[in-house]
Amino acid sequence: MTLNILLLTPDRVYVSADHRLTSGRPAEVVSDTSPKLVSIIEPTWSALITYTGVGRDERERETSDRIVEWLTSDRPASFDEMTLRLHELGSLWVRRYRMRHTFAIAGFSLGTPTLVLLSNFQSLETPSAPLEIGQLSPSRMSLTDQTRAVFTGAVPDSASRTYRRALENLAARPGVTATEIRAAMARTNRAVAADYSSVSPNCGTATMDRGGNIDSQSATPLEVRTVFFGNDGRGMLAQSLGGIPAPRAVQFVARTGDVDAHECGLEIVEGSQDYELTVLKSLGGSALAADGQHAIVVGQAAEGVDRSWFPVVWDDIRSEPRVLAGLGGSWGSANAVSGDTIVGQVETETQDRLPVLWHLDGSISTLAYLTDSGGCARAINSDLEVAGWVATSAPHLAERRVPAVWRAGELVTMRLREEMSGEVMALGSSGRALCVLTTAEGRRPPAAVLWDPISDVSSAPAFGAFPIGFGANEETYTLHPYLGGLPVARRNTAFGSSDVLLPEGWTLSAIGVDGRLVGTKEVDGVQRIWTREPDGGTAVLPGLRGHVHSVSKVSADGTVYASAADGSGQHAIVIEPHGQTPDSQPFP
């Protein structure tokens, strides 16, 4: 079993994980080159994740790959939201194996060094509640002014006491460097490996400071996997640290004021009287509305807990969802629609992601990509230009993403330095693309960049800013989460920029072509959707009681496409201004 060593100090967090994978009883060594470190880079916080227990699935995919897949998101999230998502998806995944497993998350939450364990056999609490093998249970420790070391995995707590005290004493010594501490963690790993055959003498160590800067080293050429912004079609956040019951199937259309909603255990909470909420029908599990046009809605849906997501289309907001055609498998997501074309991604038995188009006649075609890791089509404009990202190869990296635009079927990619990765988050009517860039090693915060694929000219990167979208006159909007202490929505034009100061705790998620801003804020302990109209007035929109709401997109007429999640899963919702429901125009 993997040995994880975690050390929290007031200014840095340190993580170590050995590289060995074993299988069977008695344990046989499967690999001594398994990467078990993942970094999370957000504009306002950062974290390192490692694990012990299940190291590789039946498809021989590393658990680190799964973590990257689960946590990659196209919207800013808090430390706690990231933890909740890993708890839900990790629990569903670990439940299949009935093995002891721990995810360890070390980072800075609201500036405080924090350690979270999600485990079915270990806890930071003393005494701990009884743990169940089929459910990961959370425990948490926040550091004040004391240095703390924690071991997870191979070594019993009693046997690790001497090692922990030695590391804590070293870290508290004046003048000690991060390099010296990492070297001591590597020596400790080798000492433990001499007594426990499941532990490799080789390990990877990493340290992260408050600014998200990472230093790492490894006895083998393994990288620290980095999660940054970009939606892989894995669904949104399920906001619960409790058990994960089966999702409630929505087999009817629940509208604002509809008493039938109570039959499904849902209660629609009133918001602005100028808007009406509709809960879309499901396949029996969770669902997400990603985009829409006229009465058509596209997104993704699952048939139940721990089921794959399917790309789906609702021909109108009252219809059953239809699964779109796949390529040897139907898994994936429909991300955007324009005219008679839907774009998204699908998975096949041999490839995890392929960027695709679905056409008016119901057929599917694959967009160009560069490597077997494929890519994702996220946005489409009225000229049917498509944007997203494609994977490309780079030394010592399992996957590197580059912003991509498909013009008349031809792939154009942004030129980036080898250490950079990125994705297109929004596509303007002129064909310009609003991108997010990050360093592959996660050494700097993400940056918003405006890219013209025709001339291949890019704006200077705005580090710490997240791209939101384009306005009516092709102006861009970016979110600066904590500029001057409060979140700021910035409108950028060729003549300069102007700011809208958002109240503390508000997040901007989407921008309409009329300048309408849409995001989320906390109301009664959960995230509700707010909108700022073009005239400057704000309103809280209708929602589902007890659910956390996430916004995908707002259309030209002000219709919001979103999801509402609780511990049982999530529901696809559409929130429309009154009188804006058009006649149905089915998509084949």
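Me: What makes helix α1 (residues 63-71) mostly covered?
Reply: In this predicted model, 8 of the 9 residues of α1 are buried.

Me: Which residues of α1 are the buried ones?
Reply: They are T63, S64, R66, I67, V68, E69, W70 and L71. Buried means under 20% relative accessible area.

Me: Why is A408 called exposed?
Reply: The relative accessible area of A408 is 85%. Exposed starts over 50%, so A408 with its 85% is exposed.

Me: Where is A408, and what is its phi?
Reply: A408 sits in the loop between β27 (397-407) and β28 (410-413). Its phi is positive, about 55°, although A408 is not a glycine.

Me: Why is L384 called partly exposed?
Reply: L384 has a relative accessible area of 41%. Buried needs under 20% and exposed needs over 50%. The 41% of L384 falls in between, so the residue is partly exposed.

Me: Where does L384 lie, and what is its phi?
Reply: L384 belongs to the loop between β25 (375-380) and β26 (386-394). L384 is not a glycine, yet its phi is positive at about 65°.

Me: Which strand holds L450?
Reply: L450 is in strand β31 (residues 447-452).

Me: What is L450 in contact with, leaving aside its neighbours within four places in sequence?
Reply: L450 touches R432, A433, L434, V457, S458, S459, F470 and T476. Contact here means heavy atoms within 4.5 Å.

Me: How many residues separate L450 and A426 in sequence, and what is their C-alpha to C-alpha distance?
Reply: L450 and A426 are 24 residues apart in sequence. In space their C-alpha atoms are 9.7 Å apart.

Note on methods:
Residues numbered from 1 in each chain as written. Predicted model: local features only at pLDDT ≥ 70, side-chain atom pairs only at ≥ 80, totals over all residues. Heavy atoms only, no water. Buried < 20%, exposed > 50% of the residue type's maximum accessible area, 1.4 Å probe, protein only. Helix = DSSP H or I, 4+ residues; strand = E, 2+ residues; numbered from the N terminus.
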